[in-house]
Amino acid sequence: MDEKKQATERRTLLETILKSALIIGVLGLAGAVLAYLFPPKRRISSATQRRMRVARVDEIPLGKGKQVLFAGEPVWVLHVKSGWIALSAVCTHQGCIVQWDEKRLTLNCPCHAGLFDANGNVLAGPPRRPLKRLRVSVIRDEIFLGSSEEEA
Amino acid sequence: MSALMRVRELMRAELRRPAPRYLTAWHLLGGVMLFVLFLEITTGILLMVYYRPDAAYESVLYILNDVQLGWLVHGIHRWGAQLLILLVLAHLLRVYFHEAYRERELNWVIGVVLLVVIGAFAFTGRLLVWDQVAFWSTDAVRRVIAEVPVVGKAILYFLWGGTELDTEALLRFYVFHVGLLPWTAIGLVMIHLYLVSRQGLYQGTRSSAPNPVQTYSEVVLRGLIWVVLSFGVLVTLAVISPVELDGQADPLVYRSVKPPWYFLPAYGLVKLVSGALGVALVGMGVGGLVAAPWLGRNSWVAWGIGMVGIAAVALLTAYGWRW
Amino acid sequence: MALVTLMRARIWLSVIALLLLGGRGGVGQEQNWCIVCHSEVKVEYQESIHAAFAVTCVSCHGGDPLTLDVEKAHAVEAFFRGTPQRLEIPDLCASCHSDPLKMKPYGLRTDQLAEYQTSQHGKLLAQGDVRVAVCTDCHTAHRILPAWEPRSSTHPENISKTCARCHVQRDHGVHGAALAQGNTKAPTCATCHGAHGAAPPGVEDVSRVCGTCHIAERTYFEASSHKKAMDEQRLSECVSCHGSHAIEPAGRDLFDKVCVRCHGPGSHAQLVGQKIKTLLAAADESLREATQILQQAQRKALDISVYQPRLIEARSYFLQTLPAQHSLDLSYIEEMTRRARSIADEVRSGLYALQGGVAIRLLGLTFVWIFLLLLVGVIYLTLRERQGERL
């Protein structure tokens with residue numbers, strides 16, 4: 001009699017454990033799914049829709065430039081007479097970072113003396129291709145940077 | 001409340017029914033497959049939340065890096081697909097060598113069609129990550145199909161949306177993978193299961209040592225063990241062998257890519273017999289699989305054909321893997 | 001009858017001439033009968049820039065282009081000159097090409113003759129040595145093409161072959177290789193030796209010649225202690241270490257090979273060289289490792305967008321050091337290579353940490369397995385319990 005009662009108790013206990021374990025498992029999976037569905041901080045967007053705020057217009061006076069990082073690449077945003085120009089700061093020769101020369105209005109490469117003008121054209125030195133141009137847009141009083149002009 | 005209770009009683013009665021005594025672990029394969037298919041569909045739906053065919057590679061990177069547990073969902077989906085193919089093949093061999101297809105020829109044919117559908121899932125899904133490996137392995141298939149006379153171009157127009165592999169093809173593959181194929185698979189699985197339940201399991205002539213009396217609740221519990229273990233295996237694979245991408249697809253930088261293991265037999269055959277004939281032979285192989293129940297009327301003949309078939313597939317796999 | 005035949009022949013000839021010259025423009029072309037007989041130069045001439053601008057045979061050779069009569073055409077009264085003598089060729093060409101008024105519409109320079117007279121070629125010709133190169137040797141006599149046209153004998157890709165008609169062909173080395181790869185900015189023979197004013201650069205001029213392109217290298221070199229010492233000993237600056245013509249890519253093995261030519265082994269100067277070599281090698285090695293790990297991480301689909309620009313920066317510092325090593329300024333080289341290395345090491349450790357996220361995943365996996373195994377155990381026990389009950 002006792003044995004049988006014990007057996008029944010054991011059985012109910014086991015089934016309770018099994019049921020609760022299954023419920024815990026399902027709850028865990030549901031939690032994982034909720035974590036997955038919670039929107040991440042960084043937003044994905046296609047290349048043409050990406051943009052980055054560079055500065056306010058009055059922060060870069062005429063003749064000055066600002067170097068920023070855009071999509072893992074250093075970029076020069078220049079303020080010249082014709083307006084705003086954004087150029088990749090990576091020299092097309094060997095990949096050094098070019099520097100904006102405010103006096104001469106040129107981009108100089110410190111490695112092999114490559115020289116570019118503010119439009120990215122090669123003025124002198126070993127580079128053969130012009131610097132990659134990026135889209136730049138002034139919206140009200142803010143400067144924004146976009147994908148390269150070829151992609152757009 | 002009483003409505004729920006009634007359903008519960010119905011379920012309990014179903015579980016208390018005695019199961020056939022000859023039901024072995026082999027028969028649980030189908031149940032595990034059902035679970036993996038369910039897992040594939042759920043993870044697939046979860047991936048669709050963040051995947052975008054117009055920014056395929058970036059969105060996969062996003063899932064892997066930014067989305068919480070995104071790597072796990074993607075990993076389970078990818079490894080689950082391989083496990084599913086493995087299980088389908090095991091199930092196919094089990095049914096064939098147990099001769100469980102006797103008097104159930106239609107269900108065998110549906111099963112083979114399901115195998116093809118699973119293959120189509122794997123093929124279309126592979127391209128969606130849009131990395132170099134995905135691009136060039138799919139492009140290799142394009143080359144083979146383009147060589148098929150008369151229908152080759154038509155197939156390309158239908159599947160690829162043109163003769164070139166580009167984002168147009170990616171979009172079509174996406175539509176097939178998440179739109180067309182799931183419904184086909186679910187429909188076929190339902191017919192498959194319905195036929196099993198109506199026609200019953202094939203008892204065979206040489207049934208192995210019979211199990212003690214058992215009810216379906218025990219069968220379900222035993223199946224649950226396999227389900228839990230296969231889930232564990234998939235999570236483990238997703239952790240220790242995470243998805244590796246091979247850089248965004250570049251249509252002008254060639255990469256020589258081997259197909260995944262489950263396409264190696266077909267790859268080996270097309271390598272061995274190039275051109276339209278090779279493609280025709282692959283088609284004939286599938287046709288032979290469909291016709292298998294009618295080919296082996298006699299048990300010994302069926303066994304012989306099965307062995308020859310396995311040997312041929314093994315040799316072609318080895319050939320495709322080696323060269 | 002004969003008249004008719006002759007007329008027919010003339011009509012035919014003019015048709016042929018028109019066909020041959022068709023589209024070649026040029027006012028005077030219809031009247032140039034020379035090429036009817038001199039068909040051996042016809043094709044060459046018609047391809048040339050002269051044909052395009054109606055500079056006909058007569059301009060150089062004289063004679064009468066309007067007649068098919070052999071004697072009349074080559075008559076002395078028609079100022080027929082025949083093949084110009086080599087001695088008079090520069091002046092003949094210069095009669096147009098040094099005339100600013102004549103060249104103005106074409107936008108051509110007019111100083112070629114003046115330059116030529118300063119060249120080794122021109123000086124020897126003035127002494128009566130006719131074996132030296134005159135205009136036609138480089139530009140060809142009839143198929144004269146502008147230097148920018150790829151078929152031209154003076155196009156950068158063809159210059160070494162053109163010079164090699166007399167000199168030894170020297171298109172090996174880094175410059176030749178760059179040119180062969182289609183980099184028309186790469187120097188040819190003429191870049192260093194001059195084109196019309198061709199002459200070997202003097203010892204003092206070498207660094208200036210090389211420095212027109214290797215600007216940073218020259219600036220650093222001139223700040224170095226080498227500059228004064230080599231000037232005093234009249235040693236050729238760039239050539240002493242890098243050689244000339246067949247210039248090898250400048251590798252770090254140069255420190256082992258060339259320093260000892262002047263500095264004894266074990267001397268202070270030689271040790272400085274070795275120190276520079278070690279610094280560069282270490283920075284290069286760190287950069288290479290970091291790049292490798294970055295590529296690995298990229299394959300594993302890890303987010304590397306923070307580290308990519310850092311690596312570009314490190315590479316930039318390293319590449320800046322390469323010309324800077326000519327200054328022999330140890331502290332500067334040390335500083336630049338240190339920057340490159342520290343960034344590269346930072347990238348490397350950052351990427352390792354990124355891959356270290358795997359450890360957390362493994363921990364999670366362990367918990368998942370503990371739970372799953374417990375679950376399997378409970379299911380197994382339940383099963384056994386039910387079977388036992390039935391027996």
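Reader: Hi! To start with chain B, how many residues of domain 1 are in contact with domain 2 there?
Author: Hello! This is a predicted model, and in it 16 residues of domain 1 of chain B are in contact with 14 residues of domain 2 of chain B.

Reader: Thanks! Which helices supply the domain 1 side of that contact?
Author: Helix 4 (70-97), helix 5 (105-127) and helix 6 (132-147) of chain B each supply at least two residues of the side that touches domain 2. Helix 5 of chain B gives the most, with six residues. By class, that side of domain 1 of chain B divides into twelve nonpolar, one polar and three charged residues.

Reader: And where do the two domains of chain B run?
Author: The domain assignment puts domain 1 of chain B at 24-202 + 212-254 and domain 2 at 258-323. Taken over C-alpha atoms, their centres are separated by 20 Å.

Reader: How is chain A divided, then?
Author: Chain A has domain 1 (1-38) and domain 2 (47-148). The C-alpha centres of these two domains of chain A lie 63 Å apart.

Reader: Which residues make the contact?
Author: Helix 1 of chain B brings Glu14(B), Leu15(B) and Arg16(B), while helix 9 of chain B brings Tyr216(B), Ser217(B) and Val220(B). Sorted by class, this contact of helix 1 with helix 9 of chain B has three nonpolar, one polar and two charged residues.

Reader: New topic: sheets! What is the strand order in the open sheet of chain A?
Author: The six strands of this open sheet in chain A come in the order 1-10-9-4-3-2, with antiparallel pairing. Strand 1 (52-56) and strand 2 (65-70) of chain A each have a single partner strand, so they stand at the edges and one side of each is left without a neighbour in the sheet. From one strand to the next, the twist averages 30°.

Reader: How many bridges join strand 2 and strand 3 of chain A?
Author: Strand 2 and strand 3 (residues 73-80) of chain A pair over six bridges, in the antiparallel sense. As one example, Gln67(A) has Trp76(A) in strand 3 of chain A as its bridge partner.

Reader: I clicked on Arg104(A). Where is it, and is it buried or exposed?
Author: Arg104(A) is in the loop between strand 5 (99-101) and strand 6 (106-108) of chain A. Arg104(A) counts as exposed because it has 11 C-beta neighbours inside 10 Å, and the cut-off for exposed is 12 or fewer. Between the C-alpha atoms of Arg104(A) and Asp117(A), 13 residues apart along the chain, the separation is 9.2 Å.

Reader: Last one: how many residues do chain A and chain C bring to their contact?
Author: Chain A brings 24 residues and chain C brings 23 residues. On the side of chain A that touches chain C, helix 1 (2-37) and strand 3 of chain A are the elements that give two or more residues. Helix 1 of chain A has the largest share, nine residues. That side of chain A has 14 nonpolar, five polar and five charged residues.

Conventions: Residues numbered from 1 in each chain as written. Chains lettered and ligands numbered in written order. Predicted model: local features only at pLDDT ≥ 70, side-chain atom pairs only at ≥ 80, totals over all residues. Pairing = 2+ DSSP bridges. Helix = DSSP H or I, 4+ residues; strand = E, 2+ residues; numbered from the N terminus. Axes fitted to C-alpha atoms, helices over the stretch in contact; angles between N-to-C directions. Buried ≥ 20, exposed ≤ 12 C-beta atoms within 10 Å, placed from the backbone. Contact = placed C-beta atoms within 7 Å. Nonpolar A, V, L, I, M, F, W, Y, C, P; charged D, E, K, R; others polar. Domains from an automatic or database assignment.
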